[in-house]
Amino acid sequence: MSATLPRGIPSRLVAPEAGWTVSADVIVVGSGIAGLTAALRLRQRVDRVLLVTKTVLSEGSTLWAQGGIAAALDEKDSPEEHLRDTLVAGVEVCDVEAVRTLVNEGPARVRELVALGAEFDRDANGEISLTREGGHHRDRIAHAGGDATGKEISRALIAALHAVIDDPGIQVIEHALVVDLLQDKDSRVCGVTLHVIGEGEVDGVGAAHARAVVLATGGIGQVWSATTNPSVATGDGVAAALRAGAVIADLEFVQFHPTVLWLGEGSSGQQPLISEAVRGEGAFLVDEDGVRFMQGVHEMADLAPRDVVARAIVDRMALTGTDHVYLDARHLGREFLEARFPSIVARCRELGFDPVTDLLPVAPAQHYASGGVRTDLHGRTSLAGLYACGEVSCTGVHGANRLASNSLLEGLVFASRIADDVSGRLARGELSATTPEPPSGPAALVPAARRTDIQRAMTLGSGAVRSGDGLAQTAKTLAVVAEDGEQAAPGPLSWETSNLLHVGQLLTHVAAMREETRGGHVRSDFPRRDEHWRAHIHAWREPDGSVSTSIHPVDPQDLA
């Protein structure tokens, strides 16, 4: 199936010619848990690794992960139970083998993190303290610093990286935005063009050449007006892979976190997340009349999977004519809240809310992209030489809706598998050096001033609840943005805005195709699940700029 967007997707962004060149065996793009894990593991076996990151090492999405990392670490738990919970949350479109890989290899990867220096919270017996979050039927969430798990994991990985930073075999370039992928005459990916804000030789636009490229660029949250993602999450990896012709899968499945602190109408950008772990410890949702509306909606009530809770909140807001509901954690008490959730309590108080004494106003906001660049079990994409891991990727683990705290685990497991696969292929001579072709094909650029137009259109039509009419209006608005005749100056802001546009256009296109409600994809005009759509939608850019799609049915899954 093929479709032509009004202007099509360009093959590259308008950018100056590269003024400098570096080379490595492998380039890793991104410094969250996936990128750092891949870089550290690769350096154990590969001569030259280049790690590039958009801001500084500590600014990735991993830093913001509050809840924890899920793994069957308790002797009462098992990978099979973790698998079952993941499949249920994924609403019958998970890749079962990918999930099996995740849950079976996950415990060992978490223990490796501990050996690396990550300090998880411990119980009175010195064992890793485990708690529960939505969709989990066992206590299997390991956390650190109460609600600062991502920060601690990031710290440990960066500390390990700094321990080898003087090693000439690993180079780190910070403040580096990847503009596009480089490909040879056979379309094999063999490097990136990137813009670096720095001084000296590595400054401005340059080219980095390698025998393999690993994308670990994080999410797409800034496509919407309100998100829990950091400002750097502008979909750069998905957009660059799309322009290069890679297959993008399940992009319509976007998780809107149900409990994001509501700061008033018009609030935009990164919003404060109230971790699901707060409900895991006993907090519950109420409407403006104090009614606990999750009871009767799902057997797990306030701990139902995120898509169920987010949809219930949207329905309750529509019923009551309000733009938020409330989270009640007051009964947990000051001592417990300040010890278990110190970061959340402090942030709420900074903003004028005290969880100890106040109901917290909350509403859904974009949180996580379950889809992305399609990969196999080794992290290989559809393009030779290109790998992807973490939120930028679609391994098939998450299906239509990510199970809470599976994201950090996915980054760990599949980054490790990529490092093993790449190093093995390099050792066997399967990824020989190759020469990039000069950039060619149609180039485009969107003025940075159009960013808010893109975000507003995506929020209205491609947000938490969608409809055919809303998606059509969003597609129309994005087409107008794409046709903007204003001369855009090449630079980080216009490159990011162009990435937001291209991701938004593709997501809106595939969301319009899926005429059902499943997981993170909610259609008000098709409110029920449809067995016809128990399938993945794959999409890719053709050489002429048009988008082709294919539908891949998923076998029925035994969720008993």
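This report walks through a predicted protein model, from its overall build to a few single residues.

## Ground rules

Because the model is predicted, local features need pLDDT of at least 70 and side-chain atom pairs count only at pLDDT 80 or more, while totals for chains, interfaces and linings use all residues. Residues are numbered from 1 along each chain as its sequence is written, and side-chain values use heavy atoms, with hydrogens and water left out.

## The whole protein

Let's start with the big picture. The protein has 13 helices and 26 strands; these are DSSP runs (helices are H or I with at least four residues, strands are E with at least two), numbered from the N terminus. Its C-alpha trace spans about 65 × 55 × 45 Å along the principal axes.

How much of the protein counts as buried? The share is 61% of the 560 residues, where buried means under 20% relative accessible area, exposed means over 50%, and partly exposed is in between (1.4 Å probe, protein chains only). The accessible surface comes to about 20700 Å², and 49% of that belongs to carbon and sulfur atoms. Those areas come from the Shrake-Rupley method with a 1.4 Å probe, and for residues only the protein chains shown count as cover.

Now for contacts, meaning heavy atoms within 4.5 Å. Among contacts with a separation of 6 or more, 72% are between residues 24 or more positions apart.

## A helix to look at

Helix H4 covers residues 149-163, so to speak a run of 15 residues, and reaches 21 Å from its first C-alpha to its last, close to the expected 21 Å at 1.5 Å a residue. The expected span is 1.5 Å times one less than the number of residues. Buried residues in H4 include Ile153, Ala156, Leu157, Ala160 and Leu161. An α-helix has 3.6 residues a turn, so residues three or four places apart point the same way.

Trp224 sits in the loop between strand E13 (212-215) and strand E14 (226-227). Why does Trp224 count as buried? Because its relative accessibility is 1%.

Leaving aside neighbours within four places in sequence, Asn499 is in contact with Leu13, Thr234, Gly235, Asp236, Ala239 and Arg243. Thr101, in helix H3 (residues 96-116), is buried with a relative accessible area of 11%. Its contacts beyond four places in sequence include Leu377, Val413 and Arg417.

Most residues other than glycine have a negative phi. Asp250, however, has a positive phi near 55 degrees. Asp250 lies in the loop between strand E15 (248-249) and strand E16 (254-261) and is buried, with a relative accessible area of 0%.

Ala301 has a positive phi too, near 50 degrees. Look for Ala301 in the loop between strand E18 (284-286) and helix H7 (306-320), where Ala301 counts as buried at 16% relative accessibility.
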